[in-house]
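Biologist: I am new to this structure, and I would like a close look at its aromatic rings and at the nonpolar core. Please take me through them slowly.

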Amino acid sequence: MMQLAVLGFLYDAQLHGYDLRRRIAALTGHVRPIADGTLYPLLKRMETAGLLRRELQPGQVAAPRHMLSLTPVGEQELLNRLRDPDELFITDENRWFTLLAFLRHLDDPARQAAVLRRRLHFLTQPASFFWDGDRPLRAADFDDPFRQGLFTIATATTRTELTWLRETLASLESQA
């Protein structure tokens, strides 16, 4: 998830490590705070793999800064991940939001629609947080107001996303 965020933000603009960390935290920090001990080793691995480059530029007020940008290989890696995301990026809400934040970079409405159709298919399968054998349980099956709340919130969120997915798919398919 973090590597996709790095690729996506650097596709948008050349950034200093601190600015990149701040943007990733704004997108995904509610899931897990972004520690320097996580981000900077990842950036080094990505640089070694040829996905990004580091360039020393004069600082505005202070010392020179290391600016990060994508290489053509890094740009292609982002587009490949957007075209054919791993299943977890479709099924896991936090990974899905990270993917969705950069899906606009996939400059092909048909390919964008293919990704959205995968998410739509996932959301329309029978699901529940709790099961009674093969039967998915619903909010009405519980006297517990907290489990009822869990189901009520999840159902409302899913309905909203389904509406958005269907509307966006219709728009993308009319462009293709």
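Modeller: What follows describes the ring pairs and then the nonpolar core. This is a predicted model, in which local features need pLDDT of at least 70 and side-chain atom pairs count only at pLDDT 80 or more, while totals for chains, interfaces and linings use all residues. Residues are numbered from 1 along each chain as its sequence is written, and side-chain values use heavy atoms, with hydrogens and water left out.

Rings of Phe, Tyr and Trp (its six-membered ring) pair if their centres lie within 6.5 Å, and planes under 30 degrees apart count as stacked, over 60 as edge-to-face and the rest as tilted. By this rule there are 4 aromatic pairs. In one of them, the ring centres of F9 and F102 are 4.9 Å apart and the planes stand at 85°, so this pair is edge-to-face. Because F9 belongs to helix α1 (residues 2-12) and F102 to helix α6 (residues 93-102), the pair ties together parts 93 residues apart in sequence; helices here are DSSP runs (H or I, at least four residues), numbered from the N terminus. F9 and F102 are both buried, meaning under 20% relative accessible area with a 1.4 Å probe, protein chains only.

F142 and F151 form a stacked pair, 5.5 Å centre to centre with 25° between the planes, and both F142 and F151 are buried. Ring pairs also link F130, F142 and F151 into a cluster.

As for the nonpolar core (buried Ala, Val, Leu, Ile, Met, Phe, Trp, Tyr and Cys residues joined through side-chain atoms within 4.5 Å), the largest has 37 residues, and V6, L10, L20, I24, L82 and L99 have the most contacts inside it. Helix α1 gives the largest share of this core, 7 residues.

Note on methods:
Helices (H or I, at least four residues) and strands (E, at least two) are DSSP runs, numbered from the N terminus. Buried means under 20% relative accessible area, exposed over 50%, partly exposed in between (1.4 Å probe, protein chains only).
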